[in-house]
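Hello,

Here is the structure I promised to pass along.

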Amino acid sequence: MPRLAQNATVVLRDVGYDADGPYLLVSNVKAKKLNRLPVLGRTFSMRLLPQRYCTGAFDLATFKATACDLAVDLPNDYKDTMCPACRDITGFNPAFYNADNISPQQRAYNLTPHFVYMAYFSPQHFKVGISSETRGIERLLEQGARVAGILKRFPNADAAREMEAYLCSQEGILETMRSGTKLQLLSEPFNAQEAMRLVKQKCAEFDIDPELGVIDLSPYYFGRGASVPQLIQIPDSAPRNVFGGRCVGMVGTTLAMEQNGNVFAVHVKEWESYEVEITAGEVLVEYEYEPQQMGLW
């Protein structure tokens, strides 16, 4: 099968979720255009190339992403995925409460209604954070929370941050989680009803009744009515520059790719800003693995 956009320079800009399910957001560098590529149920392969480019800016008021107007090359050791100009246009700082100065865009964003959430990743991993109501549950999805409780709504980010800071100072509550930990936890058994019960139990420890309830996020990751894979394995041996298979879902920034009846986790966060080749209908790599036993709740 031919490559998609064979004569174009295509960069992985981001991942996301919409009414049709998870998608990859890619940038055509020369055309300065972004495209969504739905992945659920599709067989494809992606190869990582060495060249990096700025992923473009993001408007905090409209949540619209745009391609980099200058098509800036990024050095391989550059720690950001945006060039300085696009970073200034965006003006976002998730740790605004620790910053000496914040941008006008961030100040306006902070004035929008926010909510505090509790995200479940495993029986031992509960994370609390805040998000603007204008983003809905997008923040939870991009983090890869399996279940989440919406604890309380606030008129602005500063008010929400007070509750977040308090809860994150308590034993058993995390403020941040490493992506490697999230990846490893995908290979553990998951039961949505049990996870929801555990979130409610954890909230009760702090005398909190989730204002907007506790929700299972599986339908957003795997499709409504779809069965959630019982086991998402990390391949024992796989090249770092190519992946492939039939996509059965995506959790956060990790694709769930099926090969021969087995589902494998492919974390693509580190691929953002890199040029990629996407081949539809073909699997260019075969994963090796050791059969694993399912644990019980």
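In which loop does Asn-260 lie? Asn-260 belongs to the loop between E14 and strand E15 (262-267). Please keep in mind that this is a predicted model.

**Backbone with positive phi**

Most residues other than glycine have a negative phi. At 69% relative accessibility, Asn-260 counts as exposed. Ala-71 is also not a glycine, and its phi is positive at about 50°. You will find Ala-71 in the loop between E6 and strand E7 (73-74), where it is partly exposed at 26% relative accessibility.

**Helix H6**

Next, please turn to helix H6, residues 192-205. H6 has 14 residues and reaches 20 Å from its first C-alpha to its last, close to the 20 Å expected at 1.5 Å a residue. Its buried residues are Ala-192, Ala-195, Met-196, Leu-198, Val-199, Lys-202 and Cys-203. Looking down the axis of H6, these buried residues fall within an arc of 160°, so they line one face of the helix. The face turned away from that buried side carries the exposed residues Gln-193 and Ala-204.

What covers the buried residues of H6? The cover includes strand E8 (114-122), strand E9 (125-132), strand E10 (147-154) and strand E11 (214-216).

Both ends of H6 have a detail to show you. At the start, a side-chain oxygen of Asn-191 comes to within 3.1 Å of the backbone nitrogen of Gln-193. Just after H6, Asp-207 takes a positive phi of about 55°.

**Aromatic rings**

How many aromatic pairs does a search of the whole structure find? It finds 11 aromatic pairs. One of them joins Phe-63 and Tyr-109, edge-to-face, at 6.3 Å centre to centre with 75° between the planes. This pair links distant parts of the chain, 46 residues apart: Phe-63 is in the loop between strand E5 (57-58) and strand E6 (65-66), and Tyr-109 is in helix H2 (residues 104-110). Phe-63 is partly exposed, with a relative accessible area of 22%, whereas Tyr-109 is buried, with 8%.

Another pair is made by Phe-96 and Tyr-97: their ring centres are 5.2 Å apart and their planes at 75°, so this pair is edge-to-face. Phe-96 is buried at 9% relative accessible area, and Tyr-97 is partly exposed at 30%. Phe-63 and Tyr-109 also belong to one aromatic cluster together with Phe-58 and Phe-92.

Two arginines are placed over rings. The charged end of Arg-161 sits over the ring of Tyr-97, 3.6 Å from its centre. Arg-224 lies over the face of Tyr-220, at 5.1 Å from the ring centre.

Is Ser-103 buried or exposed? With a relative accessible area of 18%, Ser-103 is buried, because the cut-off for buried is under 20%. A polar atom of its side chain lies 2.5 Å from the backbone oxygen of Gly-91, and one lies 3.0 Å from the backbone nitrogen of Gln-106.

*Arg-139.* Helix H3 (residues 138-143) holds Arg-139, which is partly exposed with a relative accessible area of 27%. The side chain of Arg-139 makes a polar contact of 2.9 Å with the side chain of Glu-142. Leaving aside neighbours within four places in sequence, Arg-139 is in contact with Tyr-117, Ile-130 and Ser-131. Gly-281 is 142 residues away from Arg-139 in sequence, and the two are 31 Å apart in space, C-alpha to C-alpha.

*Thr-253.* The loop between strand E13 (242-251) and strand E14 (254-259) contains Thr-253, a buried residue with a relative accessible area of 13%. Which residues does Thr-253 touch, not counting those up to four places away in sequence? They are Val-15, Glu-142, Val-266, His-267, Val-268, Lys-269 and Glu-272.

Happy browsing, and do write back with any questions.

Best wishes

Notes. Residues numbered from 1 in each chain as written. Predicted model: local features only at pLDDT ≥ 70, side-chain atom pairs only at ≥ 80, totals over all residues. Heavy atoms only, no water. Helix = DSSP H or I, 4+ residues; strand = E, 2+ residues; numbered from the N terminus. Expected span 1.5 Å × (residues − 1). Buried < 20%, exposed > 50% of the residue type's maximum accessible area, 1.4 Å probe, protein only. Arc of directions from axis to C-beta. Contact = heavy atoms within 4.5 Å. Polar contact = N/O pair within 3.5 Å; in protein donor to acceptor, adjacent residues only side chain to side chain. Phe/Tyr/Trp six-rings, centres within 6.5 Å; stacked < 30°, edge-to-face > 60°. Lys NZ or Arg CZ within 6 Å of the ring centre and 35° of its normal.
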